[in-house]
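I opened the notebook to look through a model, one topic at a time. My entries follow the order in which I looked things up.

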Amino acid sequence: MKHKFATPAVKTLAFMACVLCAIVVAGCVFGVVALSEGGFYDMTQAELIERYVNEADPNYKLVVKLIDIGVDLRYSIYVIGAVAVVAAIALFATLMCLSGRRRGSDGVHPGYLNKVPFDVLLAAVGFGGFGLAYMASQLLDSSFDDAVSIAVAAAVCVVEFCLALGLCMSFAARIKEGTLLKNTLIAMVLKLLWKVLKAIARGIRAFVRTLPITWKALLVLAALFVSDIVILSGLNYGDLQGFGTAVLIIKIMLGLCVLYAAVMMSRLRKGARALAAGDLSHHLDTSRMVLDLKAHGEDLNSIAHGMSIAVGEQLKSERMKTELITNVSHDLKTPLTSIINYAGLINAEPTDNENIKEYCGVLMRQSERLKRLIEDLVEASKASAGVLDVALMPCDPEVFLEQAGGEYEDKLRGAGLELVTKKPARHGRIMADGRRMWRVFDNLMNNACKYAQSGTRVYMSLDYIGKQAVITIKNTSAAPLDISADELMERFVRGDQSRSTEGNGLGLSIAKSMAELQGGTLRLEIDGDLFKAVLSFPEI
Amino acid sequence: MANILICDDEKDIVRALKIYLTDPDYNFFEAYNGKEALEIVKREDIHLILLDVMMPVMDGITAMEEIRKISNAPIIILSAKSEDADKILGLNVGADDYVTKPFSPMEVVARVRSQLRRYMRLGAGAPAEGSIVVGGLELSDATKRVTLDGEEVPLTPKEFEILKLLMRSPGKVFSPKEIYTEVWKETPYDLDSNTVAVHIRHIREKIETDPAQPRCLKVVFGQGYKIEGGRK
């Protein structure tokens, strides 16, 4: 809506018209009062003339004329007054609507008057009016008998009315703009005060925050001490009741503080415990904490955040490594399949040439070895990356020994070794994944077959030591073991430096990773030629 | 006469398999991707399929899904993918056996024979009265004979008793001690001997194509042994 008529000229005109109407209304009111005082509504024209006209008076003709006018106007003055009232109200409303508007624009355009804080304006108009009225009354006789005083009083009234009208317009414009309360001196002062208070609070907070927690605690204790002194000194005046109330209030406040600290502490502890348990997604809500509690909570959150990033990165790189190895092994397996197949075919061809048979045997043996190496490599990388799934179930350690013994008895005998199994009378159980555990035993027993001195015994025993089930596999090495147990556990390290026999040095590393995946440990001990592998799993 | 379809994108492997499987009773078809294999299965009466997984145009799994809509012939997957998940996927989609590359040729030959025997024998007559059948194994208590896909397996009396015990409850895991008490009855259980485990391994060597990866008589390490029927 464009305000078509909101021009300064229209506004001025309306303003003046409004003032005029108001003057007319006031005039009518005074007129009616004067007429009724003069008895114009009780008497006829003749009676009025008889009462007021003295023919001796040289101005009597004027009086007659005035009486004539009074009689003519005595009823129509009501009509004039009513019309003026309606006009004044209409003009007032128009002014209110126009105030703050400008032709051809939608928004509110407050005038210069509206820049002044409203309460200041109000006070100015109020005091100005009073001042004017006071001055007028001081200057003039207060009886209002003579025409000059009346004229001055009327003028003062008009001026005051104009001021009031202006104030109303400003009021309307401010309401439209929504700045009525904002643009007041009181609001400004309050705002300033609030700002100052906030700055002070911030300063105190910043200061307290830099203090170590011990100093904060001391500060609080000192405040408590001072309050106690104050209360105790109050006791001297014998106001027991006031003393009790004060102590109660302080105790309640103190209790609330302790309660708050306790709740927040427990929340912090819960968060820290979740972190310790590896739940890095746990988020500590620090919005209700203060000071050191909050700082600590935020520290915990950032630890969780940092750690989850690091863990994610590590997992990703491990997964990528494993994926790479899996893919490479796929690509290696296909040509290897052909090599194994055709080596077998050559071997099956009838030939008298002993050399070809021998060479073909080497081909077949070495391709089989390559096959195992590829499989072990994939498994070792997966086991150490922890991407193998482990399904733990309660298992009998003695059954492991019996089954492993059964599987390997013949093979050991073939290698000239005797297997001796020792199991305790006591029965225990451990948590293990049969498939993964088989890899551990398979690798350890295979090692015994490969590296033990022919004609010796291989010992496999089970003991319960404390809350651990300990499985030991012992054999006498054929080659001297001039290598440390730790080195043996490394990937691609073998007891015999010649590297001529089968094996790839991954077996022990895989066995160790597999044992650890199931929550157990694999330890190697070397004592001269005695090789000892110790598996231990917690009993359930 | 059996029609065997060999499908692998490596021509060398197809050729080697053909040479190993050479038999006057076998007739071979060759395909170098899943699509070709599917077309041959549609056209010919195929009795057994050897199928690679990673192949161009159409991979083995997709081809197998299509083949299973029209044929019930045994499918043996030959794949370089050796993850458990790959095996499970292959077997679930409809494979009868899964051999990982690099395979030993003789093992593939043995598996082909076993699958063919079972497929050709299917519906050849109900098992004899009083005999237990689990997968390709049939055990007759009356004649004390065990046959695997129709071929007799020579077993010692103890081995027979162990197999009978396991086959009576297929899928149930028997601990070595349980087996010992059932089979050896009077003789007390010797804690430090591995008698049962040794017997089980001997049985496995007789009835399994690859005793290190048994399909039928399974080792549940740390618990015991069980017989599984396998897939129909």
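These entries cover the interface, the nonpolar cores, one serine and the cysteines.

**Entry 1: the model.** I am working with a predicted model. I kept that in mind for every entry below.

**Entry 2: the interface.** I began with the contacts between the two chains. On the chain B side I found 36 residues, in contact with 40 residues of chain A. Together the chains bury about 3300 Å². Carbon and sulfur atoms account for 51% of that area.

Entry 3: I looked up salt bridges next. The count between chain B and chain A is two. I wrote down the pair A:Asp410 and B:Arg201, a salt bridge with its closest N and O atoms 2.8 Å apart. Which elements of chain B each supply at least two residues of the side that touches chain A? The elements are α1 (11-21), α8 (195-207), β10 (217-220) and β11 (224-227). For polar contacts across the interface I logged 17 residue pairs, both residues being at pLDDT 80 or more.

**Entry 4: the cores.** I then turned to the nonpolar side chains. The largest nonpolar core has 46 residues. A:Leu412, A:Phe441 and A:Leu535 have the most contacts inside this core. Its largest share, seven residues, comes from helix α12 of chain A, residues 434-451.

Leaving out residues up to four places away in sequence, A:Phe441 touches A:Phe400, A:Leu401, A:Ala404, A:Met460, A:Ile471, A:Ile473, A:Leu535 and B:Phe221.

**Entry 5: a serine.** Where does A:Ser170 lie? I found A:Ser170 in helix α5 of chain A, residues 147-177. Is A:Ser170 buried or exposed? Its relative accessible area is 3%, so A:Ser170 is buried. Beyond four places in sequence, A:Ser170 touches A:Leu113, A:Asn114 and A:Leu121.

**Entry 6: cysteines.** How many disulfides are there over all chains? The count is zero. B:Cys7 has 1% relative accessibility, so B:Cys7 counts as buried. B:Cys216, with a relative accessible area of 11%, is buried.

Notes: Residues numbered from 1 in each chain as written. Chains lettered and ligands numbered in written order. Predicted model: local features only at pLDDT ≥ 70, side-chain atom pairs only at ≥ 80, totals over all residues. Heavy atoms only, no water. Disulfide = S-S within 2.5 Å. Buried < 20%, exposed > 50% of the residue type's maximum accessible area, 1.4 Å probe, protein only. Core = buried A, V, L, I, M, F, W, Y, C linked by side-chain atoms within 4.5 Å. Helix = DSSP H or I, 4+ residues; strand = E, 2+ residues; numbered from the N terminus. Contact = heavy atoms within 4.5 Å. Buried area = accessible area lost by both parts, 1.4 Å probe. Salt bridge = Lys/Arg side-chain N within 4 Å of Asp/Glu carboxyl O. Polar contact = N/O pair within 3.5 Å; in protein donor to acceptor, adjacent residues only side chain to side chain.
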